[in-house]
Amino acid sequence: MLTLLLALTQATGLARARHTIDSLAGTVSGRVGAAAMIVETGDLVMSRGNERFPMQSVAKLPIALAVLQRIDAGTAKLSQEIHVRQQDMVPAVHSPIRDMSPNGTRLTVRELLRAAIVESDGTAADVLLILTPLHSVDQLVHKLGADSMTIVATERAMAADPTVQYKNWSTPLAAVKFLRAFEQGRGISGPSRVLLTTWLSETTIGDKRIKALLPPGTAVAHKSGTDATRQGLTRATNDIGIATLPNGRHLAIAVFVRDSKATELQREAVIAKIARAAWDAAQK
């Protein structure tokens, strides 16, 4: 299947970036996987595109999509308030909600969704699972064609044991398939897609990754994911997103860096360079 897929893309400008992306992936300690796809045509390039990589906070995007699907169906509302209790606050993860209201608070679903995407708030992501259990999120991504993506672990579970993050994994190919389905509006209403795209565009977390080397003013909707560095090892440094090309088409990009001993600067730089290589090739 992989051989056939690559053969089908050899005539495209995007596919010509394969050698460049392979070379860039070899410049940083750890395992690097990447995929890029033109949403409108399906043209694809990838490097280690079928390998598994831990998602970290990238998983918050499918969770948000699953919640918005419930809202579209009328079983939940953006204005609905949820009591976030003290015991709901997730320790040892990035969580502005926990830091600002350690004893608990009340937030709307809209506020929780925005916090999970724009702020990458771990507490928000886990609380949203009240509305859509993890198995529903997992089923959703598979229905959208991302068969090689699995989401089964909470932020709390990953904080308690760093090795649990390997249970939430995706291949780069599955990630761009998911992004393509999202951009095409599959599984979500138009207004919900616009809202989620807005939040993905507003986040400043991960700005030194996919967005960093693209032309100023490029519209990029993206979700990053990062593990803490422990004893010099960082298990996950990721970014996936959709960039709007000058011709109006959309480029879905996913870059994952696994089990790396490189510095954060080096890990983010390789993601930025791969994204730029795909961007340049997509216009040829």
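Let's start with Ala275: this residue is buried, with a relative accessible area of 0%. Here, buried means under 20% relative accessible area, exposed means over 50%, and partly exposed is in between (1.4 Å probe, protein chains only). You're looking at a predicted model, where local features need pLDDT of at least 70 and side-chain atom pairs count only at pLDDT 80 or more, while totals for chains, interfaces and linings use all residues. Residues are numbered from 1 along each chain as its sequence is written, and side-chain values use heavy atoms, with hydrogens and water left out.

- Ala275 sits in helix H11 (residues 264-282); helices (H or I, at least four residues) and strands (E, at least two) are DSSP runs, numbered from the N terminus.
- Leaving aside neighbours within four places in sequence, Ala275 is in contact (heavy atoms within 4.5 Å) with Ile210, Leu214 and Ile253.
- Val118 is 157 residues from Ala275 along the chain, and their C-alpha atoms are separated by 21 Å.
- Val220 belongs to strand E8 and counts as buried at 4% relative accessibility.
- Not counting residues up to four places away in sequence, Val220 touches Leu200, Ser201, Ile210, Lys211, Leu214, Ile242 and Ala243.
- From Val220 to Ala125 it's 95 residues in sequence and 22 Å in space, C-alpha to C-alpha.

**The nonpolar cores**

- A nonpolar core is a set of buried Ala, Val, Leu, Ile, Met, Phe, Trp, Tyr and Cys residues joined through side-chain atoms within 4.5 Å.
- The largest one has 63 residues, and the members that touch the most others are Leu112, Leu113, Met149 and Leu196.
- Apart from that core lies another, of 30 residues, including Val28, Ile38, Val220 and Val270.
- Met149 touches Met55, Pro62, Asp138, Val141, His142, Trp169, Ser170, Ala174, Ala175 and Phe178, once residues up to four places away in sequence are set aside.

**Strands and how they pair**

- Three strands make an open sheet, in the order E3-E7-E6, with antiparallel pairing; two strands pair if DSSP finds at least two bridges between them.
- Strand E3 (53-54) and strand E6 (149-150) are at the edges with a single partner strand each, so one side of each has no neighbour in the sheet.
- E3 and strand E7 (residues 169-170) pair in the antiparallel sense over two bridges, and Pro54 has Trp169 as its bridge partner in E7.
- Strand E1 (residues 31-38) runs antiparallel to E2, and four bridges join them; one of the links is from Met37 to its bridge partner in E2, Leu44.
- The hairpin of E1 and E2 has five residues between the strands, and Gly42 takes a positive phi near 80 degrees there.
- In a regular strand, side chains alternate between the two faces of the sheet.
- In strand E2 (residues 44-47), Leu44 and Met46 point one way, Val45 and Ser47 point the other way, and all are buried.

**Pockets and cavities**

- Rolling a probe the size of a water molecule over the atoms shows where empty space is left.
- On a 1 Å grid over the protein atoms alone, a cavity is a set of points where a 1.4 Å probe fits but cannot get out, a pocket is an open set with protein on both sides within 12 Å along at least five of seven lines, and lining residues have an atom within 4 Å of a point.
- Grid points are joined across faces, edges and corners, and a volume is the space filled by probe spheres set on the points.
- The largest pocket holds about 370 Å³ of space.
- Its lining has 17 residues, and Gln56, Ser57, Val93, His94 and Thr226 are the closest to its centre.
- Helix H8 (155-160) and strand E8 (220-226) are the elements that give two or more residues to this lining, and H8 gives the most, with three residues.
- The second largest pocket has a volume of about 220 Å³, and its lining residues include Pro96, Met100, Leu107, Arg114 and Asp121.
- Helix H4 (96-100), strand E5 (104-108) and helix H5 (109-118) each supply at least two residues of the second largest pocket's lining.
- The whole structure has two cavities of 30 Å³ or more, and the largest cavity has a volume of about 60 Å³.
- Of the 14 residues lining the largest cavity, Ala59, Ile63, Ala153, Glu155 and Met158 are the closest to its centre.
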